[in-house]
Amino acid sequence: MDAAIEVRNLSKSYGDFRLKDVSFSVPRGYIMGLIGPNGAGKTTVIKLLLNLIRRDGGDIRVFGLDNLAAEMEIKARLGIVHDTPFFYEHLRLATVAKTVAPFYRDWDDGLFRRLAVEFELPLGKSFKALSRGMKMKFALAVALSHKADLLILDEPTSGLDPVFRRELLKKLSAFIQDEGKSVLFSTHITSDLERIADFITFIRNGEIVFSSPRDEILGTWAVVKGGPELLAAEHRALFKGVRHGEFGVQALTQDGAEARRRFGRGAVIEEATLEDIMFYISRENGHA
Amino acid sequence: MLKLWAKDWLAARWLLLADLAVLCLYSLQPYFSAGFILAGGAAVILFGLGIVFFLEDRNRTEVLFLSFPIRRADVVGARYLFGALLVLLSGAALFGIVAPVAALVQSGVSGDDPLKLISIDAAAAFLCLSVFLVALYLPFYHRFGFGRGTIRFAAAALGLAAAALAAFLPALSAKNGGAEAAFRAVRTIRLSLGTALFLAAVAAFIIVTGFISFRVSLRFYERREF
């Protein structure tokens with residue numbers, strides 16, 4: 001499959017934190033969700049993609065091009081929404097857009113104004129007067145106004161209300177309808193990704209736990225609920241994370257079918273959500 | 001390059017204009033000496049750079065703009081050219097407005113005649129001082145960012161000023177303070193070299209200082225992480 005982003009054995013150390021041999025790829029025309037707890041390394045991966053920090057090792061190819069050698073060409077085709085929108089707070093939105101437009105050959109002012117109307121952005125107001133949701137909408141309008149082929153969104157929905165989150169997800173789904181457009185969407189709000197992501201990459205403590213199609217993940221991972229017999233020695237290898245509750249034991253397994261075969265009616269087996277997976281795996285090895 | 005200037009101009013235009021206006025108002029203050037006015041011209045340049053960098057730092061726009069299709073070398077180059085533009089604008093205001101008006105306003109009031117600002121010596125001193133300060137500031141800024149960079153630059157500039165003061169102490173005791181001694185030193189150099197060679201030396205100083213500073217800044221900035 002043709003890849004919009006291809007990351008191979010990426011590594012980076014900063015103080016105590018290490019990104020270790022991270023590899024994943026975002027197929028062209030799809031949405032990839034990058035999930036993981038706070039501090040897992042999601043923003044570090046995005047900063048490495050954008051050359052905001054220097055990698056210690058590994059390769060990054062975007063649109064098939066090396067991200068260092070072809071930085072300008074790649075960035076001209078990227079739309080970026082950072083976790084905090086970094087624009088001049090004291091300027092009016094129309095003026096902020098004027099500071100951005102000259103950087104993009106394909107900037108379409110008509111498209112920007114249409115998106116401003118669609119997102120109900122008050123172009124005459126200063127950026128600092130906007131709510132967080134409106135600031136994110138503005139950042140998204142800017143990212144979409146130069147006809148980017150790849151959108152990179154770093155935690156765009158954190159702290160936003162469900163109405164705006166749904167609007168954003170709808171917009172992203174519409175964005176990839178245009179053939180060849182792709183999205184890398186980093187978040188710890190996993191329910192957003194269950195709605196729209198085609199692929200999920202889970203990163204924890206700087207390492208990739210998995211990077212697979214969403215349907216495959218949701219179809220295979222399961223939460224098993226039952227009594228203490230679940231923790232018998234012969235079953236321990238089946239589980240990735242265990243939680244002892246008031247009413248018994250709950251555990252995550254990567255092989256729901258095998259759990260069904262082993263426990264049958266002796267346990268309740270439910271499809272795991274991405275949040276379940278993130279929760280249990282984060283608890284594994286003492287990580288909460 | 002122009003697009004980087006355009007964003008800085010859109011972000012800081014009113015503060016930059018106010019900065020230059022303050023310099024022009026110097027001319028109406030009858031007790032400001034020629035040396036003070038000259039130093040004020042250099043301070044306005046640093047303040048102008050500081051305004052742009054402060055706004056960039058406060059809004060963290062550097063991270064945003066470095067995500068755009070722009071090379072770090074272009075960012076550094078644009079900042080040096082912006083510094084050069086401020087030197088030219090400040091120089092034009094200083095020698096075209098401030099010095100003549102100050103000479104009129106201060107006629108007979110100040111013992112330190114601002115008319116002496118309208119000379120090759122004063123222009124050369126202003127250019128060398130301002131280029132040196134900008135060339136000293138920008139590597140600190142590119143290495144450490146606005147806050148820490150500005151503090152380190154201020155410490156370095158004060159250290160150098162103290163060293164210069166100690167070196168020129170015998171000349172200072174002669175008469176009229178530091179500015180007079182500096183003007184006399186510049187005049188002595190010009191007379192000993194001849195005006196043509198003196199101007200060539202000033203140009204060489206500006207080019208070499210600017211170039212070395214640019215290379216150092218570029219090296220720092222290309223390694224900087226955001």
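In which sense do strand β12 and strand β13 of chain A pair, and over how many bridges? Strand β12 (residues 239–245) and strand β13 (residues 248–253) of chain A pair in the antiparallel sense over 6 bridges, where two strands count as paired if DSSP finds at least two bridges between them. The model is predicted, and local features need pLDDT of at least 70, side-chain atom pairs count only at pLDDT 80 or more, and totals for chains, interfaces and linings use all residues. Residues are numbered from 1 along each chain as its sequence is written, while chains are lettered from A and ligands numbered from 1 in the order in which they are written. Helices (H or I, at least four residues) and strands (E, at least two) are DSSP runs, numbered from the N terminus.

**Domains of chain A**

- Chain A is divided into domain 1 (3–213) and domain 2 (222–271), with bounds that come from an automatic or database domain assignment.
- The centres of domain 1 and domain 2 of chain A, taken over C-alpha atoms, are separated by 37 Å.

- Strands β6(A) and β7(A) (residues 150–154) run parallel and are joined by 4 bridges, and A:Gly79 has A:Leu151 in β7(A) as its bridge partner.

- An open sheet of 4 strands in chain A has the order β12-β13-β11-β14, with antiparallel pairing.
- Its edge strands are β12 and β14 (268–271) of chain A, each pairing on one side only, and the twist averages 20° from one strand to the next.
- β12(A) and β13(A) form a hairpin with 2 residues between them; in β13(A), A:Leu252 is the bridge partner of A:Gly241, and A:Val249 stands opposite A:His244.
- Helix α10(A) lies across β11 (222–226), β12 and β13 of chain A, running at about 90° to β12(A).
- In helix α10 (residues 274–283) of chain A, A:Leu274, A:Ile277, A:Met278, A:Tyr280 and A:Ile281 are buried, a residue being buried if 20 or more other C-beta atoms lie within 10 Å of its own, exposed if 12 or fewer, and partly exposed in between, with C-beta atoms placed from the backbone.
- The buried residues of α10(A) pack against β3, α7 (190–196), β9 (199–204), β10, β12 and β13 of chain A.

**Where chain A meets chain B**

- In total, 19 residues of chain A are in contact with 19 residues of chain B, two residues being in contact if their C-beta atoms, placed from the backbone, lie within 7 Å.
- On the side of chain A that touches chain B, the largest share, 3 residues, comes from α3(A).
- The residues of that side of chain A divide into 12 nonpolar, 3 polar and 4 charged, where Ala, Val, Leu, Ile, Met, Phe, Trp, Tyr, Cys and Pro count as nonpolar, Asp, Glu, Lys and Arg as charged, and the others, Gly among them, as polar.
- Helix α3 (residues 93–100) of chain A and helix α1 (residues 2–25) of chain B pack at an angle of about 155°, with their axes 8 Å apart.
- α3(A) and α1(B) are therefore roughly antiparallel to each other, since angles under 35 degrees count as roughly parallel, over 145 as roughly antiparallel, 65 to 115 as roughly perpendicular and the rest as oblique.
- In this pair, A:Thr95, A:Lys98 and A:Thr99 of α3(A) meet B:Lys7, B:Leu10 and B:Ala11 of α1(B).

**A helix pair within chain B**

- The axes of helix α5 (residues 120–144) and helix α9 (residues 195–223) of chain B come within 8 Å and cross at roughly 10°, which makes α5(B) roughly parallel to α9(B).
- By class, the residues of this contact divide into 15 nonpolar, 6 polar and 1 charged.

Conventions. Axes are lines fitted to C-alpha atoms, for helices over the stretch in contact, and angles run from 0 to 180 degrees between N-to-C directions.
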